[in-house]
Amino acid sequence: MRVSRMSVALAAVLAVVVATQPGPATAAGSGSARAGAWVPAPQEAFEMPAGARCEFAVRVEPIVDEVRKLTLATYPDGSPKRELFTGALIDRVTNLETGATSTADASGTSLVVYRTDGSMTWYVSGPVLLGFRENAGSLPKGLWIVDGRFRVAFTPTFDKAITMLHGTTHNVCTDVD
């Protein structure tokens with residue numbers, strides 16, 4: 001059943017976060033243990049032209065960024081297979097046409113599972129900021145704060161499908177329109 005698998009995955013993510021804060025950790029991946037360490041995972045500021053996510057040009061930049069990641073498992077080539085992300089992330093969202101700004105709390109915790117075909121799945125607890133293109137996912141075009149417990153399945157072309165256990169969605173574009 002989808003909900004029970006997602007609940008187990010989210011409980012596992014939270015257990016790892018609690019057990020490993022605030023410093024180095026040992027992680028186990030698919031039967032093999034290896035040492036891991038939390039490392040910074042900063043978000044880069046970015047701009048999107050009018051119509052790409054919001055009806056106007058927009059800039060998103062972190063004003064608080066304490067996000068860190070822990071690699072839990074890797075593929076034989078060393079690329080990540082599973083990573084855990086957590087930490088405070090507050091973004092400033094700016095309408096580049098009017099100068100209107102708003103802040104968005106995206107301080108959730110995510111277990112990210114990467115697949116070799118370029119797809120990935122996030123198992124999330126708490127808020128994250130997700131951008132949706134027109135007709136490219138389960139939410140309309142926009143910059144969405146999704147909060148609660150949920151799963152996001154990404155295709156290799158970054159189309160997104162959200163499965164909510166419980167939570168809320170809010171289009172941040174409406175805050176700076």
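**Pocket and salt bridges in a predicted model**

Modeller: The largest pocket in this predicted model has a volume of about 820 Å³.

Colleague: Which residues are the closest to the centre of the largest pocket?

Modeller: The lining has 30 residues, and the closest to the centre are Gln43, Leu89, Trp122, Leu129 and Leu130. Several strands give two or more residues to the lining, among them β4 (46-48), β8 (89-95) and β13 (142-154). The largest share, four residues, comes from β12.

Colleague: How do the lining residues divide into nonpolar, polar and charged?

Modeller: The lining holds 19 nonpolar residues, six polar and five charged. Leu and Trp count as nonpolar, so Leu89, Trp122, Leu129 and Leu130, which are among the closest to the centre, belong to the nonpolar group.

Colleague: Why is the pair of Lys141 and Glu55 called a salt bridge?

Modeller: A salt bridge needs a side-chain nitrogen of Lys or Arg within 4 Å of a carboxyl oxygen of Asp or Glu. In Lys141 and Glu55 the closest N and O atoms are 2.7 Å apart, so the pair meets the cut-off. The structure holds seven salt bridges.

Colleague: What does the pair of Lys141 and Glu55 tie together?

Modeller: Lys141 lies in the loop between β12 and β13, and Glu55 in the loop between β4 and β5 (58-65), so the pair ties together parts that are 86 residues apart in sequence.

Colleague: Are Lys141 and Glu55 buried or exposed?

Modeller: Buried means under 20% relative accessible area, and exposed means over 50%. Lys141 has 18%, so Lys141 is buried. Glu55 has 60%, so Glu55 counts as exposed.

Colleague: What makes Lys141 and Glu134 a salt bridge?

Modeller: Their closest N and O atoms are 4.0 Å apart, and the pair is listed as a salt bridge. Glu134 has 51% relative accessibility, and the cut-off is over 50%, so Glu134 counts as exposed.

Colleague: How do you know that Arg92 and Glu61 form a salt bridge?

Modeller: The N to O distance between their side chains is 3.8 Å, so the pair lies within the 4 Å cut-off. Arg92 lies in strand β8 and Glu61 in strand β5, so the pair ties together parts that are 31 residues apart in sequence.

Colleague: Why are Arg92 and Glu61 called partly exposed?

Modeller: Partly exposed covers the values between the two cut-offs, 20% and 50%. Arg92 has 31%, so Arg92 counts as partly exposed. Glu61 has 22%, so Glu61 counts as partly exposed too. Salt bridges that share partners join Glu47, Arg59, Glu61 and Arg92 into one network.

Methods. Residues are numbered from 1 along each chain as its sequence is written. This is a predicted model: local features need pLDDT of at least 70, side-chain atom pairs count only at pLDDT 80 or more; totals for chains, interfaces and linings use all residues. Side-chain values use heavy atoms; hydrogens and water are left out. On a 1 Å grid over the protein atoms alone, a cavity is a set of points where a 1.4 Å probe fits but cannot get out, and a pocket is an open set with protein on both sides within 12 Å along at least five of seven lines; lining residues have an atom within 4 Å of a point. Grid points are joined across faces, edges and corners, and a volume is the space filled by probe spheres set on the points. Buried means under 20% relative accessible area, exposed over 50%, partly exposed in between (1.4 Å probe, protein chains only).
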